[in-house]
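Here's a quick briefing to read with the model open beside you. Grab your viewer and follow along.

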Amino acid sequence: MYLVITCYRCGQLLLAQARQKTRNCPHCGFRFKVEKSRKIAYAKSAREASLLLRQLKNTLKGKKYSALK
Ligand SMILES: [Zn+2]
(Lines give C-alpha, C1' and ligand atoms only; values in the text may rest on other atoms or scores of the structure.)
Protein backbone atom coordinates (compact mmCIF):
# COMPACT_ATOMS: atom_id res chain seq x y z
CA MET A 1 0.00 0.00 0.00
CA TYR A 2 1.22 3.44 -0.93
CA LEU A 3 0.05 6.77 0.39
CA VAL A 4 -0.04 10.27 -0.96
CA ILE A 5 0.54 12.53 2.01
CA THR A 6 1.40 16.12 2.69
CA CYS A 7 4.49 17.31 4.49
CA TYR A 8 3.30 19.25 7.49
CA ARG A 9 6.17 21.65 7.31
CA CYS A 10 6.04 22.83 3.68
CA GLY A 11 2.63 21.42 2.64
CA GLN A 12 3.93 19.73 -0.52
CA LEU A 13 2.59 16.39 -1.69
CA LEU A 14 4.79 13.32 -1.52
CA LEU A 15 4.63 9.55 -1.67
CA ALA A 16 5.22 7.12 1.17
CA GLN A 17 4.81 3.43 1.68
CA ALA A 18 2.18 2.58 4.28
CA ARG A 19 4.60 0.42 6.25
CA GLN A 20 7.15 3.21 6.49
CA LYS A 21 7.35 4.82 9.91
CA THR A 22 9.08 8.01 8.94
CA ARG A 23 9.62 9.90 5.72
CA ASN A 24 11.99 12.61 4.61
CA CYS A 25 10.29 15.33 2.63
CA PRO A 26 12.03 15.62 -0.78
CA HIS A 27 11.04 19.30 -0.94
CA CYS A 28 12.23 20.73 2.36
CA GLY A 29 14.13 17.83 3.95
CA PHE A 30 11.92 17.68 7.01
CA ARG A 31 11.63 14.23 8.66
CA PHE A 32 8.22 13.31 10.03
CA LYS A 33 6.06 10.37 11.06
CA VAL A 34 3.94 8.99 8.24
CA GLU A 35 1.08 8.03 10.56
CA LYS A 36 0.75 11.62 11.75
CA SER A 37 0.79 13.23 8.33
CA ARG A 38 -2.32 14.20 6.42
CA LYS A 39 -3.25 11.41 4.02
CA ILE A 40 -4.65 12.57 0.72
CA ALA A 41 -5.00 9.31 -1.20
CA TYR A 42 -4.20 5.60 -1.19
CA ALA A 43 -2.78 3.47 -3.97
CA LYS A 44 -1.99 -0.22 -4.40
CA SER A 45 1.15 0.11 -6.48
CA ALA A 46 4.01 2.54 -6.90
CA ARG A 47 2.86 3.23 -10.45
CA GLU A 48 -0.67 4.04 -9.36
CA ALA A 49 0.68 6.19 -6.57
CA SER A 50 2.85 8.30 -8.86
CA LEU A 51 -0.05 8.77 -11.27
CA LEU A 52 -2.25 9.90 -8.41
CA LEU A 53 0.42 12.25 -7.17
CA ARG A 54 0.72 13.85 -10.60
CA GLN A 55 -3.05 14.26 -10.89
CA LEU A 56 -3.28 15.81 -7.45
CA LYS A 57 -0.47 18.23 -8.21
CA ASN A 58 -2.25 19.34 -11.37
CA THR A 59 -5.49 19.77 -9.45
CA LEU A 60 -3.86 21.86 -6.78
CA LYS A 61 -1.75 23.92 -9.13
CA GLY A 62 -3.00 27.45 -9.40
CA LYS A 63 -5.16 27.14 -6.30
CA LYS A 64 -3.66 26.67 -2.91
CA TYR A 65 -0.04 26.92 -3.94
CA SER A 66 -0.23 29.93 -6.23
CA ALA A 67 -0.07 32.18 -3.19
CA LEU A 68 3.37 30.81 -2.32
CA LYS A 69 5.06 31.89 -5.52
ZN1 LIG B 1 8.38 19.45 3.27
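What is the mean pLDDT of the chain, and what share of its residues reach 70 or more? The mean is 88, and 88% of the residues get to 70 or more; pLDDT is the predictor's confidence in each residue, on a scale from 0 to 100. This is a predicted model, where local features need pLDDT of at least 70 and side-chain atom pairs count only at pLDDT 80 or more, while totals for chains, interfaces and linings use all residues. Numbering starts from 1 along each chain as its sequence is written.

**Overall layout**

- The chain has one helix and five strands, where helices (H or I, at least four residues) and strands (E, at least two) are DSSP runs numbered from the N terminus.
- Confidence is lowest in helix α1 (residues 46-60), with a mean of 91, and highest in strand β3 (residues 22-24), at 96.
- Of the contacts in the chain with a separation of 6 or more, 42% come from residues 24 or more positions apart; a contact here means C-beta atoms, placed from the backbone, within 7 Å.

**The sheet**

- Three strands make an open sheet in the order β2-β1-β5, with antiparallel pairing; two strands pair if DSSP finds at least two bridges between them.
- At the edges sit β2 (13-17) and β5 (38-43), each pairing on one side only.
- From one strand to the next, the twist averages 30°, going by axes that are lines fitted to C-alpha atoms (for helices over the stretch in contact), with angles from 0 to 180 degrees between N-to-C directions.
- On one side, β1 (residues 2-6) is joined to β5 by five bridges, running antiparallel; Tyr2 stands opposite Ala43, and Val4 stands opposite Ala41.
- β1 also pairs with β2 in the antiparallel sense, over five bridges, and here Ile5 stands opposite Leu14.
- β1 and β2 form a hairpin with six residues between them, and Gly11 in the turn has a positive phi of about 80°.

**What's buried**

- Because four of its five residues are buried, β1 is largely enclosed by the rest of the structure.
- The largest nonpolar core has six residues: Tyr2, Leu3, Val4, Ile5, Ala16 and Ala49. Such a core is a set of buried Ala, Val, Leu, Ile, Met, Phe, Trp, Tyr and Cys residues joined through C-beta atoms within 7 Å.
- The largest share of this core comes from β1, with four residues.
- Leaving out residues up to four places away in sequence, Leu3 touches Ala16, Ala18, Val34, Lys39 and Tyr42.

**Leu53 on the helix**

- You'll find Leu53 in helix α1.
- Why is Leu53 partly exposed? Because it has 19 other C-beta atoms within 10 Å.
- Beyond its neighbours within four places in sequence, Leu53 is in contact with Val4, Leu13 and Leu15.
- Leu53 and Ala41 are twelve residues apart in sequence, and their C-alpha atoms are 8.6 Å apart in space.

Conventions:
Contact = placed C-beta atoms within 7 Å. Buried ≥ 20, exposed ≤ 12 C-beta atoms within 10 Å, placed from the backbone.
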